[in-house]
Amino acid sequence: MFFSLGMKITSSITVLYLLSTIGALGSPEKPNLEDDIMPIFESKCNSCHNADRARGGLDLTNMNAIMVGGSSGESVISGDGENSYLYKLIARVEKPYMPQREDKMPQTEIDLIKKWIDMGLLPTATGKPIQKKKSTVNLALGNVSVGKPDGPPPMPKYLSLEPSVVTNRAFAPSAMASAPWSPLVAIAGQKQVLLYNTETLNLMGVLPYPEGFIESLTFSRNGKLIVAGGGRGGKSGRVAAWEVESGKSLLTMGEEYDAILTADLSADQSLLAIGSPSKLIKVYDVASDELLYEIKKHSEWVTQVAFSPDGILLATADRNGGLHIWEAETGNPFYTLDGHKQSINDLSWRADSNILVSVCEEGSVRTWEMINGKQVKSWNAHPGGTMTTYFDSKGNIVTGGRDKSVKLWKGDGKSIRTLSGFTDIIMEVCYSHDGSRIIAGDWSGKVSVWDTSNGKKVGDLRANPLEIADSLNHAKQEFEKTKRAFEQAGTARDLIVKSTDVAKAEHVKNLGILAESENNNKLATAEHSATDKTWKDSITLLQKMEVEKASKDKVCKDLRLELNNLGAKLIKENQTLTIESNKQKERTALLALQKEAHQKIVAVAKDSNNTQPLVASVKKTKSLEALVAQSTEQVKKQQSVVNQTLLSKKPIEQNVTTAERNLSATIQSYNSALEKKKKIDIERNNKITILNESKTQLSIAKTNVVKSQQALNKVEENSKKPLTEFVEAEKNFKEAELEVSRWNAEIINVERHMELRNLRKLESELNGYGVMLNESRALKNSAQKAFENISESLQKLPKIIALNKELIAQKKNDLIETEKRKVSVLQVRADKNLFIQDVNRLATLAKNKSKAQKPESTLGQASDKFQETLSLLKKDLAETENLLAAKEQEILQSREVVTLAENNLTLSVKLLETTPNQIKEKEQILQKAKSEEALRLKEFNLVKNKVDQQSAKSDALFQKYLGLLPKN
């Protein structure tokens, strides 16, 4: 059984492969609506999508209805099946899945519909492909920053300055807008937009608006785009947008049957709102050019539409005083702002999107709060009507009106100042990007620029600029005029320069003499100073030497006095020594006499008992000995004093000798210095004489310099006017020269822009040939693939036939084996039926006989056993019956597999016979496709060469233009 199931799977795979091969061979190269697609639509779609019952607004019964699309927009995009809405729904890429409440279409049908769209929506086999709709450029930014975008502010670069229209008088500016981040203002001219630099007041570019007269202008939030709305009253209305830097036209939208009075682009550049005399507000998706919603609230012409800077809200106004706020994305009502009774002429949002200012013919100005939709402030600005208003980046407001004045206000309505002096009604007014200047245009066509800080006029902007040829002629005339003035100023300058040079030379000469005199005086002063210093030093030295001489003389005198004092002292000390020595001698003599007398007394005392004389003699002897000892000691001390004095006297004597010698040397040096000073005195007097002479020369030189400086100053004073006139004339001449060069460059630039327009036409033509080339390549690739597929299929067919034959033989063998097993099972079933009949007969017999006996008899028990056996046998028979049914099912399936394999074999054999012819057809189609591709490639290359040549021509003109253009 498992083997049979595996064979069934193998067979199915073979069948699927063959079916896929057949599908590939049968798929048309160029499917068309009539033959290939409409049958699918009729079977799957048209019951809900027909002319009578077009669900979702979509009718799929004819080509025109298919191209119109449904309520969700276009259903198919020629050449782009992947992004076509119809394909996304049937392929179930997007919801709602189609067809609803049914299974998904077969993939072959989905692929065929996609191929039909990719190949250009062929209506019939002989029809032509429908060109892919050119979608509007997608300008959406995604997230929008309220602050200044990164990078330098966008400014026009090398735009053409040739006006589209020039009239006898200036056109009253019907619209004006200031760029949010750059010094650029856009002014509506005759069928053109004029771009001016608000700082230099130079024309930066002219953007043609051939659709008619411009009624509204606005810059995108990032300042990169300028959007104009207008047209021809009662005939047509269009919105155009350009890239500011390149002047490239990015879009034209809003096919109205009357002039568009107002238009605005949302902050993220995804939405475009327009208002017109139709009283409708229309909001478009910029990327798809699809009308998202209409607003029918207004009862009169719509005069203003304005998205809030954050893109959340949309303000609209009419000439009946109606003012409404809407959700920008949905068009749902947000606020109705009641207050104005007459035509609302202008609206402006504050930068934070919280305050809206509106002005009307009543002359009033009103500000509105977006938090609660209430009026914040109202004041009368211009009697007779306020025509225009503008919020600056700091929240200040400017207005202009029928009273021919422009007024500046604080955000709370407090007046700042009034600008007057206009000759007619103020039509348009706006602040420059930083609020430093105001640009105002009146009914006479005069556009002027004013400084907001002091209310002074800066200059004018031409609302009716000259043709470049006229500007060049005017520049040439100015050049000749300034050239003559420059030459005359040069002659006058040369004369004054000559007299100035003479005065300068005299002054320089005097300055040289003065410098020389100053140098001589400096040298004389230095030499005098040096000599005077030497002279003063010699005086100081003499004074010092006199002091030294006196000091040394005093030292000598003091030493001599000290020596004399020591000599006198020594005499006295010697005298004292002599006295003491004599006293010693006397006492020594007395002692000797006493000792002799004592010997005698001692001798007498030995013989006498009277000791008194002896005692007295001893006492006297001792007294004399003491006196002798005292005198001896006194002599020694005095001798020591004398010796000490003698020692002190010797160095003093030496000092006296040295001091006298030093004094003698000092006296000699002093005398020498005194002689030297006398010489210095003579030299000093000579230097003083030289110094006095140099001072006299210096004084004379200074006087001469003062006189020559005065003369030079007078000459220079007289030369200021001619030199100033020369500088001014030179400046004017160079500016005029640059202006001529500039307008010569602009003539080249006009030619360049003409060539650029030709280049864009060629590029557009090249894109068309590119589309056809891609289509022919797609056809060739498809034909190549079909040829390769069918060739590959032909190579595989013999193997497939052999496999099918093997499969048929195998399946037939399987069928025979299965039938054999069935016969065996039938025999088993017959045997089991016979056996059951026998057992049943015995059971019946045992049962009948057991009735005559007791229930518990042996026959009764046998009868019960027979019944149990019959139940088991019947159960076994039922299993056999099931097995037999399974075998019959296997036989049936095997027969189906055999039949399918035989059919597959027949089909494979048929394909083997017919495929060579199909290969020839596919090869012919491939060769035709290759020829078509080669032709398209040749056409494409021819146009591409033209594009390259035109591009090179434009680039050469651009380089020539840059070469002539003055460098800033």
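Predicted model: local features only at pLDDT ≥ 70, side-chain atom pairs only at ≥ 80, totals over all residues.
How much of the accessible surface of the protein belongs to carbon and sulfur atoms? I looked that up to open the notebook: the share is 53% of about 53,200 Å², with areas from the Shrake-Rupley method and a 1.4 Å probe.

Residues are numbered from 1 along each chain as its sequence is written, and side-chain values use heavy atoms, with hydrogens and water left out.

Overall form. I found 8 helices and 28 strands (DSSP runs: H or I of at least four residues for helices, E of at least two for strands). The C-alpha trace spans about 215 × 130 × 65 Å along its principal axes. I then checked the radius of gyration, taken over C-alpha atoms: the protein has 67 Å, whereas a compact globule of 968 residues would have one near 30 Å (the rule is 2.2 Å times the number of residues to the power 0.38).

Burial. Of the 968 residues, 42% are buried, meaning under 20% relative accessible area with a 1.4 Å probe, protein chains only.

One residue. I picked threonine 915, which sits in helix α8 (residues 858-964). Threonine 915 is buried, at a relative accessible area of 1%. Beyond its neighbours within four places in sequence, threonine 915 is in contact with Ile790, Leu794 and Leu797 (contact: heavy atoms within 4.5 Å). From threonine 915 to glutamate 653 I noted 158 Å, C-alpha to C-alpha, and 262 residues in sequence.

Methods:
Buried < 20%, exposed > 50% of the residue type's maximum accessible area, 1.4 Å probe, protein only.
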